[in-house]
Amino acid sequence: MVNYKLVVNDSGYRVGDDGSVWTRLKRFGLGNGGGVLYIEGADWRILLPTKHHSGHLYVSIRGVRRYVHQLVLEAFVGPRPEGMESRHFPDRDPANNRVENLSWGTHQQNIRDQKVHGTDNSGERNGQVKLTASMVKQLREDVARGMSCAAAARKQSISRTQARRIVSGERWAHTK
């Protein structure tokens with residue numbers, strides 16, 4: 001069964017521990033003087049979230065973009081502690097906003113989570129990368145066989161500094 005709590009600082013919206021976000025239905029009737037009267041109803045309508053390019057879901061609350069995972073955390077866990085950020089773990093799916101998949105954590109915890117799930121941008125997953133894992137392996141083998149770092153760097157079309165960092169393990173440390 002889904003539990004619901006009001007969105008922090010806005011009783012016109014509620015959030016479910018399953019990651020759903022709801023808005024109060026507004027009903028109008030005629031007042032005694034014939035004017036339109038707003039009637040606060042207990043009926044709710046689910047909001048359909050929009051997917052951000054990062055994969056996170058958001059809804060518009062009173063014209064402001066609010067990320068669903070942050071709404072769930074604030075309602076069910078509490079306010080964000082100083083120096084913490086939202087964390088999707090154990091499931092890294094940014095659209096999984098169930099309360100049991102969310103927590104407040106440090107930036108370092110988020111980075112470690114990415115490494116555990118293989119969603120970090122190291123190596124070939126980095127859009128800026130010039131080398132592949134096989135090129136790095138070849139560079140290291142060339143240097144191990146006696147080729148100078150400068151020659152190995154020229155062969156791979158990278159700088160000598162970058163070649164030294166790769167050979168020393170400062171860069172591409174995840175590649176053996």
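In the predicted model, the charged end of arginine 14 is placed over the ring of tryptophan 22, at 5.1 Å from the ring centre. Tryptophan 22 is itself buried, with a relative accessible area of 17%, and its ring also takes part in one of the two aromatic pairs that the structure holds. In this pair, the ring centres of tyrosine 4 and tryptophan 22 are 5.8 Å apart and the ring planes stand at 90°, so the arrangement is edge-to-face. Because tyrosine 4 belongs to strand S1 (residues 4–7) and tryptophan 22 to strand S3 (residues 21–30), the pair ties together parts that are 18 residues apart in sequence. Tyrosine 4 is partly exposed, its relative accessible area being 34%.

The aromatic pair formed by tyrosine 58 and tyrosine 67 is likewise edge-to-face, with 6.0 Å from centre to centre and 65° between the planes. Tyrosine 58 is buried, with a relative accessible area of 16%, and arginine 65 lies over the face of its ring, at 4.1 Å from the ring centre.

H4 is followed by serine 157, which has a positive phi, near 60°.

Key. Residues numbered from 1 in each chain as written. Predicted model: local features only at pLDDT ≥ 70, side-chain atom pairs only at ≥ 80, totals over all residues. Heavy atoms only, no water. Helix = DSSP H or I, 4+ residues; strand = E, 2+ residues; numbered from the N terminus. Phe/Tyr/Trp six-rings, centres within 6.5 Å; stacked < 30°, edge-to-face > 60°. Buried < 20%, exposed > 50% of the residue type's maximum accessible area, 1.4 Å probe, protein only. Lys NZ or Arg CZ within 6 Å of the ring centre and 35° of its normal.
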